[in-house]
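Visitor: Hi! I'm new to reading structures. Could you walk me through this one?
Guide: Happy to, let's take a look together.

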Amino acid sequence: MRKITLIVIIFLLFFSFGCTPATEETSVDYRKGTQGIVMNFMTDMPPAKMYDSMPIDLVVEIKNKGAYPQPNPLTGWAIIPKGVGTLYLSGFDTAFISGMPKSMDIPPLEGKNVYNSEGGYDVVSFRGNIIDFDSRNIDKYTANFLVTSCYNYQTIASQTVCIDPEPYSTKQKTRVCTVPPSYSLSGGQGAPVAVTKVEETVLSNKIQFKIYIKNLGDGQVIDKNRLNIDCPYSLDYTNLDKVYVSGRVSGYSLSCRPTNPIMLINGIGSVICTVPKPTMSRSAYTTPLQVNLEYGYSSSIQKSVEILNTP
Amino acid sequence: MEIRKTNKNRINLMIALLLSVILALFMSGCVTNPFITTTTQDDFRTGSQGILMEFLTNAPPSEIYEEYPFQIGVILKNTGAYDTKNGFISFTIEEDYMELMNQNQGAVSFSLKGKSVSIPTGDQLIKTVNANTKKIDEQSEQHESTILTSVCYQYQTKKDVTICIDTDVYDLKKMQKVCVVKDITLTPQGAPVAITKIESEMLPAEDDNLIKPAFKIYIKNVGNGEVIDKGKISDICSSEPIDYKELNIVDIKVMLSNEELECKPEPLKLKDNKDEVRCILEKGISKDKATYTSPLTIELNYGYTYSMSKKIVIKK
């Protein structure tokens, strides 16, 4: 009886320390989804109704729901660039709410990855003080707080493509793949801007890929080089909807036209990229096409607070 | 008998437990107490009356004999949301048939607090004067006479509205806006003169980097009396002659955030009991700011008067 108890305890210890063989890891496709950095006001921070002469806290929850940045494959740590972005606060009269910071850095947040399927999470707090309304002879004021994020982001889209140097050849040979009319990439790639479709054309001396890009998020795409200068108060058509495209296929870097940055019109754009065609003798093969999109992104959240003069 | 007692105890215990849970929920703040609502001064700024006046029952009486003493009494109620000081009430009688016992009582001063958190219904007071009927004509059996009472007081209308300052009128910036510029229609603000509508506009300035917020404010006399110059209230409730220039005068003060706006015309002279005033922030606001909301505070200061009368029959 004692032996059985001992065996049971040892088993339990093994389980509790995780010494049992690991169950098979469930593969999570973290490069899915159409969101990047997502914000929301924490419940009742601030409340919908407040009184004057008291501190006010705006607590913003920030989640990285996208897949950028990724952990270093060697160290496992996410390479989070400093100054990834900034949160800007506006929409209210600073004569009545004093001491609120106008902007705050977005804390470093890793993207969704194999180790963290939910992505990074942090909170940012804006604290200020509501002035005494009696001194200004007002009874109530409805302040609208607008928090706007401006951040750099990247999309990495990967699609297995068929490279067939002679797709129109009449020679009878076994092909491992055929070039389809288009490759459809649905559901996004874990970023607000996504590659939605790739069309492959084999030309005489090169292979051409027409890459379709779309803003699937709820914010605005901004030229990454103007992000820290114009976002969010000076955004206009000169600095909006601009994406930088690069990529590789079969060991070659994509050579794209028009040159970067690519302009999105109504949130949609396309670019034609080419790579040299492999030698004719080579038969068709499959290989991954990797497309990198770099851009700035901005989205906003808003909350209205009714501030009353203390009776 | 014992079972019935036990059941009763159980029910009492359950009720006590239920009440404790409800009390705990209220105290913890998890449940909003429906019986407690937050009230501010703005909640009292409703209605279209300032000071209301009524004759007391039988003071004066409807019928009275000649050479007989009687009282004229009125009840004054401040049904508006502004405290009035140094108001006047005057009594006018047909001097051939009646006389006031104390000639100084022709105009009596008063102060009355308006509706507020501490006096939700507004303050009220009673003023009485003693009078006497005189002898009527030999040939008459009776004479019908009129007693006129007038009240003159300073009053204020105040309204705060949150308005939208749009620094990007032509939508050139591609930034989300927290508000849109729109007209605001208002109900009376607990005073006889009301702000009925505010039209907002963001005007271009000489300096390209600025916008000038401008407002057209509509004002109307919604009470049952006349607007008068606030500095002439004692004259109007007396036998002093009235100049037409002293009627329908309203002083206006408009603040946007903590800046006073320039208003024209100032003071305002109502025509047909209404008018509008245009106010502008000449200093302008920088276009570099994002669109934001700001409080616009409008204060109207004026004098107000209204009268009522009662017919009495003096019998022989």
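Visitor: Let's start with β1(A). How many bridges join it to strand β3 of chain A?
Guide: There are 5 bridges between β1(A) and β3, which covers residues 55–64 of chain A, and the two run antiparallel. Before we go on, keep in mind that this is a predicted model.

Visitor: Okay, noted. Which residue stands opposite N40(A) in β3(A)?
Guide: That would be E61(A).

Visitor: And what order do the strands of that open sheet in chain A have?
Guide: The order is β1-β3-β7-β5 in chain A, an open sheet of 4 strands with antiparallel pairing. At the edges sit β1 (37–41) and β5 (97–98) of chain A, and each of these pairs on one side only.

Visitor: Zooming out a bit, how many helices and strands does chain A have?
Guide: Chain A comes to 2 helices and 18 strands. It has 311 residues, and 38% of them count as buried.

Visitor: What about contacts in chain A between residues at least 6 apart in sequence: what share join residues at least 24 apart?
Guide: The share is 72%.

Visitor: Now the inside. Which residues touch the most other members of the largest nonpolar core?
Guide: Those are I211(A) and V243(A), in a core of 114 residues. Strand β8 of chain A, residues 140–163, gives the most to this core, with 11 residues.

Visitor: New topic: where the two chains meet. How many residues of each are in contact?
Guide: On the chain A side there are 29 residues, and they are in contact with 24 residues of chain B. Both β8 and β18 (285–308) of chain A supply at least two residues of the side that touches chain B. The largest share of that side, 7 residues, comes from β8(A).

Visitor: What kinds of residues make up the side of chain A that touches chain B?
Guide: They divide into 13 nonpolar, 11 polar and 5 charged.

Visitor: Let's hop over to chain B. Which domains does the assignment give?
Guide: Domain 1 of chain B takes in 41–154 + 306–315, and domain 2 takes in 156–305. Their C-alpha centres lie 34 Å apart. Where they touch, domain 1 of chain B puts in 21 residues and domain 2 of chain B puts in 26.

Visitor: Which elements supply the domain 1 side of that contact in chain B?
Guide: At least two residues each come from α2 (41–44), β4 (84–92) and β8 (142–165) of chain B. The largest share, 5 residues, comes from β8(B). By class, this side of domain 1 of chain B has 9 nonpolar, 9 polar and 3 charged residues.

Visitor: And the open sheet in chain B, what order do its 4 strands have?
Guide: Its order is β1-β3-β7-β5 (chain B), and the pairing is antiparallel. The edge strands are β1 (51–55) and β5 (98–100) of chain B. Direction ignored, neighbouring strands of this sheet are turned by 30 degrees against each other on average.

Visitor: How many bridges join β5(B) to β7 of chain B?
Guide: There are 3, and β7 covers residues 124–133 of chain B. In that pairing, L100(B) stands opposite A131(B).

Visitor: What about β17 of chain B, how many bridges does it have with β11?
Guide: Strands β11 (residues 210–221) and β17 (residues 274–280) of chain B pair in the antiparallel sense over 7 bridges. One of the bridge partners in β17(B) is R278(B), which goes with K216(B). Strand β15 (residues 262–264) of chain B is also joined to β17(B), by 3 bridges, and there C263(B) has C279(B) as its bridge partner.

Visitor: Last one: why does T187(B) count as partly exposed?
Guide: T187(B) counts as partly exposed because it has 13 C-beta neighbours inside 10 Å, while a buried residue needs 20 or more and an exposed one has 12 or fewer. You'll find T187(B) in the loop between β9 (184–185) and β10 (193–204) of chain B. Its C-alpha atom is separated by 8.0 Å from that of G47(B), although the two are 140 residues apart along the chain.

How values were computed:
Residues are numbered from 1 along each chain as its sequence is written. Chains are lettered from A and ligands numbered from 1 in the order in which they are written. This is a predicted model: local features need pLDDT of at least 70, side-chain atom pairs count only at pLDDT 80 or more; totals for chains, interfaces and linings use all residues. A nonpolar core is a set of buried Ala, Val, Leu, Ile, Met, Phe, Trp, Tyr and Cys residues joined through C-beta atoms within 7 Å. Domain bounds come from an automatic or database domain assignment. Two residues are in contact if their C-beta atoms, placed from the backbone, lie within 7 Å. Ala, Val, Leu, Ile, Met, Phe, Trp, Tyr, Cys and Pro count as nonpolar, Asp, Glu, Lys and Arg as charged, and the others, Gly among them, as polar. Two strands pair if DSSP finds at least two bridges between them. Axes are lines fitted to C-alpha atoms, for helices over the stretch in contact, and angles run from 0 to 180 degrees between N-to-C directions.
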